Amino acid sequence: MNEIKQNSPYAWFLAARPKTLTGAIIPVLLGTALAFSDGQFKTAPALLCALFACGMQIAANFINDLFDFQKGTDRREDRLGPQRACAEGWITPAAMKTGIGIALTLSCLAGLAVLFTVWGQLPHGGWELVVLGVVCILFAFLYTTLLSYRGWGDVLVLVFFGFVPVCGTYYVQAYTLNMDVVVLSLVSGLAIDTLLMVNNYRDREQDAVSGKCTLVVRYGKKFGENMYLALGIAAVLLLNIVLVVQVNRLDKKVDVLEEKLAAQRRDTVDFLYNWEDRVYESAQRALKDATKQAVDFAFEPVGIDKERRSLLADLS
């Protein structure tokens, strides 16, 4: 690889780890897809949730890069995974702290925009989103600095790549939650946790040296392999449950629509079937009225009374 200039735009691009943004966007897309399926899709909150998720992911990547470097977990000499910006000298620690502040500020702006679009429409007015935003920022730091070193990383992935983004995205569009979105959140968290399990499996020896006690370090290589398989199977099974429920619900909607269309077709056929009779009756009435008017016009001036004129009109 060509030498990367320190603190250059390209260095920041690499530090942001753009490949990881799929893990931030997919939960938002899942929540939005379910909102769309339930007829609750709203464009602005969905897009703003995606911006918030991406901003928080980048901020978390910066925090992870800085603190793992300072703790000595990321080392150039024995690292197996992708290179890290601070460890490689692409970004200075001081600059990385500034980058963390900027990323968090931009994420907060996106979060405030979400809050602005839904304020007063949520069950608790919107204060629940304020609490959720503070929790996201707090755990972005706690993940790298403390919890991931004590084996809580997988639980945090389930929460912050499952329940928080999927339920949160659905909530700001539908203003409520249901069991479908909860199960789909679990699917998202389990699927994305397979990525963390692969990383921890790969880095198990280096993590053990650094004192990072992940589940793979604690329970061994075989546990990591089985856990990876179990996470994937559980995610697929739960996803199938969600899909079956959604398909059944869609079938019911189709049946209702078909009934409405059938009723409209029957009304149309009835109208066309009775059209000729209605036209004939209307023509008869019009002809009768015209004849009466003609008789009145012709015979009233010569002194024929109304009763006789009516009789003449009927005979005509």
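User: What does buried mean here, and what makes Cys-86 buried or exposed?

Analyst: Buried means under 20% relative accessible area, exposed over 50%, and partly exposed in between (1.4 Å probe, protein chains only). Cys-86 has a relative accessible area of 4%, so Cys-86 is buried.

User: What kind of model is this, and how are residues numbered?

Analyst: This is a predicted model, in which local features need pLDDT of at least 70, side-chain atom pairs count only at pLDDT 80 or more, and totals for chains, interfaces and linings use all residues. Residues are numbered from 1 along each chain as its sequence is written, and side-chain values use heavy atoms, without hydrogens and water.

User: Why is Cys-136 called buried?

Analyst: Its relative accessibility is 9%, which is under 20%, so Cys-136 counts as buried.

User: What makes a set of residues a nonpolar core, and which residues touch the most other members of the largest one?

Analyst: A nonpolar core is a set of buried Ala, Val, Leu, Ile, Met, Phe, Trp, Tyr and Cys residues joined through side-chain atoms within 4.5 Å. The largest has 24 residues, and those touching the most other members include Ala-15, Phe-62 and Trp-90. A second, separate core has twelve residues, among them Cys-49 and Tyr-171.

User: How much of the chain is buried?

Analyst: Buried residues make up 37% of the 316 residues.
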